Every structure is written in structure tokens, then in C-alpha cells.
Amino acid sequence: MNVKLLSHTPDAEKLIATAAKLCYSSSDIESLRDGLTEEKIESFLDMLVSIGHESVMEHVSFTFGVEGISRACSHQLVRHRIASYSQKSQRYVNENGFEFITPPAIEEIPEAKAEYDRVIAEITESYEKLANILTEKHTAEFIAQGMDEKTARSKASKMANEDARFILPNACETKIVVTMNVRSLFNFFRHRCCNRAQWEIRAVANEMLRQCMEVAPHIFSHAGPSCVAEGKCPEGKMTCGKINEVKEYFAAMKRNDK
Ligand SMILES: Cc1cc2nc3c(=O)[nH]c(=O)nc-3n(C[C@H](O)[C@H](O)[C@H](O)COP(=O)(O)OP(=O)(O)OC[C@H]3O[C@@H](n4cnc5c(N)ncnc54)[C@H](O)[C@@H]3O)c2cc1C
């Protein structure tokens, strides 16, 4: 898995402090940023985060590239609607010999791993067979319509991908670029840094948060799963029961020990 912060709104902390200052002062736009020293920005942000004044956080966005994750994981990611996504297409990109993700629990049991690899190998073979059969069918149709063979074959193979992909597994590797504003990231981290989230998206979320903390420590000082961000677990009977351990993990991340 590779999670990389590609870009973020410049002067992120100052911009949020500026937007928030507008709410609480009579300054005009030109003088709004006057006197916003590092210390003032930091204490202002700490105050905003602690009182939950989250709408001002929407002015700043972070963009990540994520690769080496499963389609199961990317499906969980894209359920977060307040975001923008660009994902590797299984229509335009052929999945012959596709990469796949193996869950650690399967990896560590030889019998489970053998079964997993056997089925993946079977799917890989069937995918290629289906793609070839469909390519031949569509090529013949396009040629019958008067297209030259080279163009027909190229168009047909893309069309073949569309239907052959129906047998691909959730394990299939994918790449995605995601942009979220800070408010949406807070929500994402509350849900997906939680021990109740699945291991793979939790690893993505934790790494995104770690990189956010590096560039904007005051914005993300309270971010994390609900038990960290809000001080209590909303999961009721389904709680992981490890609040102190979780809090220590994110405190260490904040201290840059993780
Ligand atoms: C542990 C776990 C288990 C889950 N299990 C399931 C499951 O079994 N089945 C399943 O379908 N999903 C499941 N989910 C996904 C979950 O229900 C959410 O779809 C996902 O976490 C996205 O969260 P969100 O809607 O808050 O985020 P976003 O879509 O980014 O929305 C952010 C916030 O905007 C507001 N909002 C967005 N759209 C609307 C709207 N249309 N109307 C009103 N308010 C809106 C809400 O306040 C929302 O919290 C699970 C998530 C987790 C973390």
C-alpha cells in the first residue's frame, strides 16, 4: 500500500484562521490577515478545533494518491461522498495478470493462502479467456460495419474489458486519487481510524492522518477516531474496548513517534 499526500491548499492553517477571524471581527478583507502571527494562528486553531467550529475547515483541501489497495477498500473509501475521486478504470485499462491484495489473516494460514491463490489464478485465466473471446466477437462486428482491422481490434479490446471485468474479485488492486476538505477528513478519520473499521481502510486512514499532521499539526491536533476526536466511543456494545490504547496510538502519531 502506498498513500501519498500529493497536494494541499497552501498556507492551510493561516487560511482557516483568516476565515474564522472574519466571523469574529469587524476587519475588512484587506486587513484580516494583519497580526495573524504563528502563535495567534496556533491558538486560534486549537480553539476552533476544541469548540467544533468545523465549517471554516471546509476552505482547505488535501489530495492523496493511494495505490496498492483492494477494490473492497476503495469501495469503502468512495462511500465518503463529500470528496472528489479519480480511480483507475477497469474499462480503459486491461486487467490481464492483475495485481491483487491478500488479507494478512489469509496470508498467515498456508491452507487459506493456497486456496486464495488457486482461485485468483483461476479468475486470472478466465478473465483473459473472456477478454479474448469478447475481443474477437466485437472485432468481427466492427469489421462488418466497415472499420479497418487495427481500429476495430483496439476498440473491441476496450469493449471486451467492460464485460470481462465482471468476474474480477474485490481483491483486485486499484489506484485512486482522493481530495477531501478538512471537515470531511475529520469525519473520515472518525469513521475509518476506528478499530471497528476494516484493517485495510484503517491503514489508509491512519497514514493519511499521519501525513496531514506533518503539514498541519494544529488543524489535525484533535483528529482521529471518535474516541480521540470526541473523547467517547459511539459504538456501544460493539466498542473495541481499547480506548486508552487507541488514544496512546494517536498521541504517539501526534508526537511523531508513529
Ligand atoms: C465500521 C463501519 C461499518 C460500516 N458498515 C456499513 C454497512 O454495513 N453498510 C453500509 O451501507 N455502509 C456501511 N458503512 C459506511 C457508512 O455507513 C458510511 O456510508 C460511510 O462511513 C461514509 O460516511 P458519511 O456518510 O458520514 O460520509 P460522507 O458521505 O462524506 O458524508 C459526510 C456527512 O455529510 C452528511 N451527508 C452526506 N450526504 C448526506 C445526505 N444525503 N443526507 C444527509 N446528510 C448527508 C452527513 O452528516 C455525513 O456524515 C460502514 C462504515 C464503518 C466505519
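**Ligand, rings and loops**

Me: Which residue puts a backbone N or O atom 2.6 Å from an oxygen atom of the ligand?
Reply: R81 does. Such a polar contact is a pair of N or O atoms within 3.5 Å; within protein, one must be able to donate a hydrogen and the other to accept it, and residues adjacent in sequence count only if both atoms are side-chain atoms. This is a predicted model, with residues numbered from 1 along each chain as its sequence is written. Local features need pLDDT of at least 70, side-chain atom pairs count only at pLDDT 80 or more, totals for chains, interfaces and linings use all residues, and side-chain values use heavy atoms, leaving out hydrogens and water.

Me: And I82 and N187, how do they reach the ligand?
Reply: I82 has a backbone N or O atom 3.1 Å from a ligand oxygen. N187 uses its side chain: an N or O atom there is 2.9 Å from an oxygen atom of the ligand.

Me: How much of the ligand does the protein bury?
Reply: 47% of the 930 Å² that the ligand exposes when taken alone. Areas are Shrake-Rupley with a 1.4 Å probe; for residues, only the protein chains shown count as cover.

Me: Which residues surround it?
Reply: R79, H80, R81, I82, N187, H191, R192 and R196. The cut-off is one heavy atom within 4 Å.

Me: How does that shell divide by residue type?
Reply: There are 1 nonpolar, 3 polar and 4 charged residues. Ala, Val, Leu, Ile, Met, Phe, Trp, Tyr, Cys and Pro count as nonpolar, Asp, Glu, Lys and Arg as charged, the others, Gly among them, as polar.

Me: New topic. How many aromatic pairs are there?
Reply: The whole-structure search finds 7. One of them is F62 with F220: the centres are 5.4 Å apart and the planes at 80°, so the pair is edge-to-face. The rule covers Phe, Tyr and Trp (six-membered ring) with centres within 6.5 Å; planes under 30 degrees apart are stacked, over 60 edge-to-face, the rest tilted.

Me: Where do F62 and F220 sit?
Reply: F62 is in strand β2 (61–70), F220 in the loop between α8 (199–215) and α9 (226–229), so the pair ties together parts 158 residues apart in sequence. Helices (H or I, at least four residues) and strands (E, at least two) are DSSP runs, numbered from the N terminus.

Me: Are F62 and F220 buried or exposed?
Reply: Both are buried. Buried is under 20% relative accessible area, exposed over 50%, partly exposed in between (1.4 Å probe, protein chains only).

Me: What about F100 and Y116?
Reply: Tilted, with 6.2 Å centre to centre and 50° between the planes. F100 is in the loop between β3 (84–87) and α4 (104–107), Y116 in helix α5 (110–144), 16 residues apart. F100 is partly exposed at 31%, while Y116 is buried at 18%.

Me: Which residues do ring pairs link into a cluster?
Reply: F62, F186, F188, F189 and F220.

Me: Last one. How far apart are the domain centres?
Reply: The C-alpha centres of domain 1 and domain 2 are 39 Å apart. Domain 1 is 2–88 + 173–256, domain 2 is 104–167. The bounds come from an automatic or database domain assignment.
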